[in-house]
Amino acid sequence: MAVSRQGLHRALHSSSCPAWKRTQSGTGGRLKPEYDAVVIGAGHNGLVAAAYLQRFGVNTVVFERRHVIGGAAVTEEIIPGFKFSRASYLLSLLRLQIYTDLELKKHGLKLHFRNPYSFTPMLEEGTLSKAPRSLLLGTDMAGNQKQISQFSQKDAQAFPRYEEFMKRLVLAIDPLLDAIPVDTAAFQHSSLLQRLRALSTLRPLLKAGRTLGAQLPQYYQVLTAPISKVLDLWFESEPLKATLATDAVIGAMTSPHTPGSGYVLLHHVMGSLEGTQGAWGYVQGGMGALSDAIASSATAHGASIFTEKDGQEVRSRVVLSCASPQITFLELTPQEWLPKAFVKRISQLDTQSPVTKINVAVDRLPNFRAAPNVPRDQIQPHHQCSIHLNCEDTLLLHQAFEDAKGGLPSQRPMIELCIPSSLDPTLAPPGCHVVSLFTQYTPYTLAGSKTWDEQEKNTYADKVFDCIEAYAPGFKSSVLARDILTPPDLERIFGLPGGNIFHGAMSLDQLYFARPVPQHSGYRCPVQGLYLCGSGAHPGGGVMGAAGRNAAHVVFRDLKGL
């Protein structure tokens with residue numbers, strides 16, 4: 001059944017311009033009056049959905065509001081000569097099935113694996129013969145234990161057991177990411193046949209329970225308890241606990257002491273690259289190169305992609321929205337089409353974000369007191385890592401969170417510093433580098449009636465740079481230019497509600513059955529023919545593509561039934 005989408009398309013808020021460039025085997029640049037499927041938003045999930053639908057024989061078009069595709073997975077040369085992954089900046093969660101099905105390597109995707117992957121320098125006094133301590137973690141377990149033993153022999157012995165414990169939980173949860181959530185509505189209101197079909201959605205949950213076995217209660221605690229409580233059961237040294245805790249709070253307006261923070265940690269440790277479990281890496285050419293590879297795969301099979309296209313009506317059998325649930329249902333969809341209770345639930349979603357992303361162009365590598373550059377400016381193993389600053393103690397993370405809950409930017413922000421040009425020299429001029437600073441906690445709304453104007457943004461960025469300077473003297477003098485993106489900036493530029501990188505909190509009350517809201521977790525919406533395929537749908541945020549792939553399969557199944 002065709003559904004009019006005039007209201008959706010007119011709300012794309014952009015002006016007309018030529019279509020996005022295509023591969024030679026792609027479709028032409030002329031907009032057709034009708035398609036089988038329209039995808040709103042060329043974020044990576046929208047592109048994945050389009051690529052799968054086109055492979056299924058569904059004539060698909062993608063419309064993007066901005067001048068560049070990729071959503072938050074973009075590369076932008078915002079400073080001449082420096083190419084930044086302006087929003088998302090690391091890759092690990094991309095589903096292997098998508099990498100294989102869409103032949104992304106064939107379409108130009110090249111990855112740089114990071115090993116070691118984590119570096120936490122200490123802010124402590126060294127001596128003439130000894131630098132301050134640091135914690136360097138990678139894929140070599142013996143090397144990890146040696147590093148951890150600087151702080152605790154007991155923790156060094158416990159670390160392999162902790163890793164095995166977490167791997168088993170990943171083994172249980174990971175298949176749920178590729179499965180449509182249990183259709184609870186079908187059990188209540190559908191025909192007998194539909195109820196029987198819905199039973200099949202229980203299989204991944206039952207399999208997860210069998211995988212965890214008798215240890216299910218312990219694993220339940222990991223998902224529901226504060227991550228600080230979980231880590232206290234395993235370890236005693238604060239540098240190790242705080243380093244691990246960063247993965248539990250990254251991108252989330254939560255403290256290590258917040259119940260349920262354990263799931264976010266799991267969300268960040270269940271990744272893999274090209275089948276290598278737990279690996280994280282940089283994309284050659286920046287994150288936009290990933291989006292380009294997915295787009296190339298889609299257009300090679302006949303999909304069409306348009307940027308900055310608006311003002312025309314296009315008809316289709318179905319519409320998939322890669323935009324957030326808030327934009328999709330509160331801005332793009334006529335409200336009279338939606339049940340009032342549904343609209344109320346969407347409007348009440350938690351979209352708090354602590355993130356300010358700062359992209360920096362520098363004329364030399366940071367030189368950390370805990371790991372001096374010898375010889376000068378030569379890339380060292382720790383430069384390729386996620387470098388955790390102000391992360392020596394979980395209390396520091398909690399205090400940074402408390403500042404933001406009071407409407408103030410953190411006095412000592414949690415900083416994840418990455419230097420992708422350490423492995424990909426194409427991103428910056430010779431001798432120079434691009435630095436990604438993923439910082440928190442910064443509230444969307446400031447206390448005292450202040451706003452995120454240029455003065456407030458620069459004051460906060462200066463504070464971040466002062467913190468880095470304490471760990472790496474000379475950093476501030478190496479800065480050539482910077483791009484500061486506060487939560488309102490992330491919302492305005494990338495359509496991230498509240499600046500939330502996940503399109504909504506990854507809390508237990510907004511996951512699986514309840515993402516985006518209960519009774520509508522299966523990508524279908526109250527409006528027949530309208531589907532959600534972005535990070536606001538199951539399984540949530542992160543550059544994984546699962547929501548796009550899952551939604552495409554649901555849409556194709558529904559189209560076959562029409």
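This note walks through some features of the structure above, point by point.

1. **Ground rules.** This is a predicted model, in which local features need pLDDT of at least 70 and side-chain atom pairs count only at pLDDT 80 or more, while totals for chains, interfaces and linings use all residues. Residues are numbered from 1 along each chain as its sequence is written, and side-chain values use heavy atoms, with hydrogens and water left out.

2. **The open sheet.** Look for 5 strands that form an open sheet in the order E11-E2-E1-E12-E18, with parallel pairing. Strands (E, at least two residues) and helices (H or I, at least four) are DSSP runs numbered from the N terminus, and two strands pair if DSSP finds at least two bridges between them. Strand E11 (304-307) and strand E18 (530-532) each have a single partner strand, so one side of each has no neighbour in the sheet. On average, neighbouring strands here are turned by 25 degrees against each other, direction ignored.

3. **One pairing in detail.** Which strand is joined to E2 (residues 60-64) by 4 bridges? The partner is E11, and the two run parallel. You can find Glu64 opposite Thr307 in E11.

4. **Helices against the sheet.** Helix H2 (residues 44-55) packs on the sheet and touches strand E1 (34-40), E2, E11 and strand E12 (315-321). Contact here means heavy atoms within 4.5 Å. The direction of H2 makes about 165 degrees with that of E2; axes are lines fitted to C-alpha atoms, for helices over the stretch in contact, and angles run from 0 to 180 degrees between N-to-C directions. Helix H20 (residues 546-561) lies across E12 and E18, at about 155 degrees to E12.

5. **Aromatic pairs.** Rings of Phe, Tyr and Trp (its six-membered ring) pair if their centres lie within 6.5 Å; planes under 30 degrees apart count as stacked, over 60 as edge-to-face and the rest as tilted. By this rule there are 16 aromatic pairs. One of them is Phe465 with Phe475, edge-to-face at 5.4 Å centre to centre and 80 degrees between the planes. This pair links distant parts of the chain: Phe465 is in helix H17 (residues 454-471) and Phe475 in helix H18 (residues 475-478), 10 residues apart. Phe465 is buried, with a relative accessible area of 4%, and Phe475 is buried at 2%. Buried means under 20% relative accessible area, exposed over 50% and partly exposed in between (1.4 Å probe, protein chains only).

6. **Charges over rings.** A charge sits over a ring if NZ of Lys or CZ of Arg is within 6 Å of the ring centre and within 35 degrees of the ring normal. Arg114 lies over the face of Tyr282, at 5.3 Å from the ring centre.

7. **Nonpolar cores.** A nonpolar core is a set of buried Ala, Val, Leu, Ile, Met, Phe, Trp, Tyr and Cys residues joined through side-chain atoms within 4.5 Å. In the largest one, of 69 residues, Tyr162, Leu169, Phe235, Leu266 and Phe494 touch the most other members. Helix H5 (residues 153-177) gives the largest share, 12 residues. Another core, of 68 residues, lies apart from it and includes Val58, Leu102, Phe329 and Val543.

8. Tyr162 belongs to one aromatic cluster with Phe159, Phe165, Tyr219, Trp234 and Phe235. Phe494 is in helix H19 (residues 487-494) and is buried at 10% relative accessible area. The C-alpha atoms of Phe494 and Gly71 are separated by 6.1 Å, although these residues are 423 residues apart along the chain.

9. **Backbone details to check.** Most residues other than glycine have a negative phi, and most peptide bonds are trans. A cis peptide bond joins Asn115 and Pro116, with omega about 5 degrees; Pro116 lies in the loop between strand E5 (111-113) and strand E6 (118-121). Another cis bond joins Arg515 and Pro516, also with omega about 5 degrees, and Pro516 is in the loop between H19 and E18. Which residues of that loop have a positive phi? Among them are His503, at about 70 degrees, and Gln519, at about 75 degrees. His503 is buried, at 11% relative accessibility, whereas Gln519 is partly exposed, at 40%.
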